[in-house]
Amino acid sequence: MANLEEHAGIWNKENVRSTLPLREVDSHKGTYGTGLLIAGSPDMPGATMLAGLGAMRSGAGKLVIGTEPEVISIIVQRLPEATYESKALERIAKGFLELDSFRAIAIGPGIIPNDLTEKAIQKILAGKVPVILDAGALSKRDYEGRQAPTILTPHPLEFSRVTGIKVKELQQNRMHYARLCSKKLGAAIVLKGKETVVAFPDGDTWINPTGNSALAKGGTGDTLTGMLLGMLCIHEDWKHAVLNSVYLHGACADAWVEKNSAHTLLAHELTELLPQVWKEFE
């Protein structure tokens, strides 16, 4: 099998600095769009909060969180800036929630994969809005023909479940399989892990140089999903949104280990670090 490493770029500091959008002085919340986050269940309410914090910290003008009533009561005090849609999966599956008005949609953190989830996902994918699929929203599907970008965010085990490629085989040539499956599925793939690989359906592929073992902790992927949602709301180029989200997510973990043990990071602390990390690129 050919080594494709030389055909991939490394998304570096200068790439980030030159592509992060400015906050225009005469802008308003409508300028940066509304993101829809569908996340959480009674047993996993924290995923909603982590993804929601990631989205709001990443520039979205407004955020609507679709989740269960029990989850809303838990997280609203921590995230009062968002608005909430109760029983969003049911409403979307039945066609009761207008989706094309959103700048971008993320679904999956803390969600149980079942028939209702799949019906809601199919409704979302039928629209013309960029979509991020994570965790409980990752399943075997084909995204060819969608009229807007689709971004999948699997860790290796999820990648294996979606593609049928064994984890051991995947880890021996992450670049090759991320690129191959991105083209085949018609979706961008953010293959998480050491040196996260970001592959786009047109073959454009990048390695992310930031991040460390502090990210090997529950909830960090939920935070990344939220950051992707927020970034898609403010970037004109959706590829730059994906690449910058992954870079800054890892950069926050790098900032953490400058003063703290990698063992001790909690996922919500990534979004607490994001303001100062982002400022370095302005």
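Analyst: T117 is placed in helix α5, which covers residues 115-125. Helices here are DSSP runs of H or I with at least four residues, strands are runs of E with at least two, and both are numbered from the N terminus. This is a predicted model, in which local features need pLDDT of at least 70, side-chain atom pairs count only at pLDDT 80 or more, and totals for chains, interfaces and linings use all residues. Residues are numbered from 1 along each chain as its sequence is written, and side-chain values use heavy atoms, with hydrogens and water left out.

T117 counts as buried because its relative accessibility is 2%; buried means under 20% relative accessible area, exposed over 50% and partly exposed in between, with a 1.4 Å probe and protein chains only. A polar atom of the T117 side chain lies 2.6 Å from the backbone oxygen of I112. Apart from neighbours within four places in sequence, T117 is in contact (heavy atoms within 4.5 Å) with L89, I111, I112 and G136.

Helix α5 belongs to a right-handed β-α-β unit with β5 and β6. Right-handed means that, with the strands pointing away from the viewer, the path from the first strand over the helix to the second runs clockwise. β5 and β6 (residues 131-133) pair in the parallel sense over 3 bridges; pairing requires at least two DSSP bridges between two strands. In this pair, I105 stands opposite V131 of β6. Within β5 (residues 104-107), A104 and A106 point one way and I105 and I107 the other, and all are buried.

Key
A polar contact is a pair of N or O atoms within 3.5 Å; within protein, one must be able to donate a hydrogen and the other to accept it, and residues adjacent in sequence count only if both atoms are side-chain atoms.
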